[in-house]
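One residue comes before the rest.

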Amino acid sequence: MRRVKRQTREQGIYSRLGVLLLALAGILFPFSLQAKDLVTVTVRDAYIDLHTGPGRGFPIFHVVQRHEQVQIVKNKTDWFLVRTTDRYPIEGWVYRAQMLRTFTSDEVKQRFGHLAFKDFTERDWEIGVFSGNFERSTAITLYLGYNFNSNLNISGQLLSTNNVFSDYRIYFATLESTPFPKWRLSPYFSLGAGIMRTTPSRTAVVSEKRSDNMVSAGFGLRYYMTRRVLLNTAVMQYVTFIDNDNTGEFLEWKAGVSIFY
Amino acid sequence: MEGRRFHILLNAALAVGLLLTVMAPATLWAADVSGNQPNQNLPVDEAIVQPEVQRRKIEKVAIDTENLEMGLFTGFYSADRYGTTSISGIRVAYHISEDLFFEVTGAQTTLNGLPEETLLQYYTVPDADRNLKYYNINLGYNFLPGEVYFNENWAFNFAFYLMGGVGNTEINAEQRSTLTTGAGMRVLLTDWMAFHINMRDHILRDRYSGIGQEQTIHNLEGFSSITFFF
């Protein structure tokens, strides 16, 4: 007799996600190939170097002199793919520092500089991951935050941890207040609420899933590292309401990195 | 006056004097170079200095930025004591600089049973749960970037990178926090497409479906992938 495999709802989620991603890529990709109006800049330095690839190890194979024009095709990290406006155009990669000294016209100067601290204080979105110690177990938190203004931030977080007895998933939203947003190392206070889902281990005595309301409070530090990256460390206290008489308390220390926009 | 104030005043006077001395011949030289007579009589209504200077506009014009990389990967996953199975998943990477990038991957596979299950004829795990899923987020460092040469006509952008990160592995419907380390090679076939070969080590603690003591195990994974830059 053959044991029939039943397709559960969760099975195949990654393969379905993969197909969706591929389809999305296929739909979006032709847009990136469209002929767009490329930005043309004039070289004001003595010359700019064109490298064969977007990295400092790649050799310089061409030089564009002052007063000549180049079109900017695209940008990858600190490098710009430019195309000369000769009869037979040549494409090469130019480092950001050299692009700083080019101009589109007398009145307009391109903004090629690195992301600065000012972009950090004016950020809108943050997405990041924490790794922490949740009551002596390792916990991973994913979070997506939005800054209303420089002092207030609302974020949705998903924390996942487990121990010998059960697996825990906490879905919660927090409101964070940053009293000193202009500091490079700025502290914040957070208050949150959400749901904690407990899935007991297969061999546990009590083996029913449960879902409890929970609130959290915490204190953290944000440090602007460089470009789009910031470091985040926090200590959070979670209180879950199991029933009318019982509450559970958990303490978590965590640190992580995030990207901001 | 106090000695200190006098000292500062003297220094200021000296600085102004020096400045004037340097500037005077410079203005004469500028006048000569531009071809104007230094003592030209200008009409009264034509000012020498234009006080309203056009402010230079600084704009950020949209340039296509390709720092996001997405793709699928496929390979093998060697789960300790469960055997080796093929695995496939998705990876999304964001390049912060030419040296650093973040990567998020997720994959799943169906595990074989433990050897003891066949021998002892018991099943602890229903077939529907007999799978392994993981997701993790890694930080990657392009350790050795450069150019590689296929033959005398073809050169490709190449990078050997190291990765480390944290994640979560679900084995037989039980979650396990995981530490990942790995290394890989990336060859840029074109500007927007890359080919990778990776090896990765997942470090986690497992109890083998609740029948044993918890041990730290290393699950090795090897895969290759094609990714696209957006």
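Entry 1: I started with Arg200(B). Is it buried or exposed? I found a relative accessible area of 2% for Arg200(B). The cut-off for buried is under 20%, so Arg200(B) counts as buried. I note that the model is a predicted one.

I then placed Arg200(B) in its element. It belongs to strand E8 of chain B, which covers residues 193-206.

Which side chains does the side chain of Arg200(B) touch through polar contacts? I looked up two partners. Tyr134(B) is one of them, at 2.9 Å, side chain to side chain. Thr105(B) is another, with 3.3 Å between the side chains.

**Entry 2: the barrel in chain B.** I followed strand E8 into its sheet. Eight strands of chain B close into a barrel, in the order E2-E3-E4-E5-E6-E7-E8-E9. The pairing is antiparallel.

I went back to Thr105(B), the contact partner of Arg200(B). Thr105(B) sits in E4(B), and Arg91(B) stands opposite. I checked the strand pair as well. Strand E3 (residues 83-95) and strand E4 (residues 100-110) of chain B run antiparallel and are joined by eight bridges.

**Entry 3: the barrel in chain A.** I turned to the other chain. Here too I found a closed barrel of eight strands, running E9-E10-E11-E12-E13-E14-E15-E16 in chain A. Its pairing is antiparallel. The twist from one strand to the next averages 25°.

I picked one strand pair to look at. How many bridges join strand E11 to strand E12 of chain A? I got eleven, with E11 spanning residues 152-162 and E12 spanning residues 166-177. These two strands run antiparallel. Within the pair, Gly156(A) faces Ala173(A) of E12(A).

**Entry 4: cavities.** The structure has three cavities of 30 Å³ or more.

Which residues lie nearest the centre of the largest cavity? I listed Pro54(A), Glu98(B), Asn142(B), Asn157(B) and Arg186(B), out of a lining of 16 residues. Strands E5 (131-149), E6 (155-171) and E7 (174-188) of chain B each give two or more residues to this lining. I sorted the lining by type: six nonpolar, six polar and four charged residues.

Technical notes
Residues numbered from 1 in each chain as written. Chains lettered and ligands numbered in written order. Predicted model: local features only at pLDDT ≥ 70, side-chain atom pairs only at ≥ 80, totals over all residues. Heavy atoms only, no water. Helix = DSSP H or I, 4+ residues; strand = E, 2+ residues; numbered from the N terminus. Buried < 20%, exposed > 50% of the residue type's maximum accessible area, 1.4 Å probe, protein only. Polar contact = N/O pair within 3.5 Å; in protein donor to acceptor, adjacent residues only side chain to side chain. 1 Å grid on protein atoms, 1.4 Å probe; cavity = no way out; pocket = protein on both sides within 12 Å on 5 of 7 lines; lining within 4 Å. Points joined across faces, edges and corners; volume = space filled by probe spheres on them. Nonpolar A, V, L, I, M, F, W, Y, C, P; charged D, E, K, R; others polar. Pairing = 2+ DSSP bridges. Axes fitted to C-alpha atoms, helices over the stretch in contact; angles between N-to-C directions.
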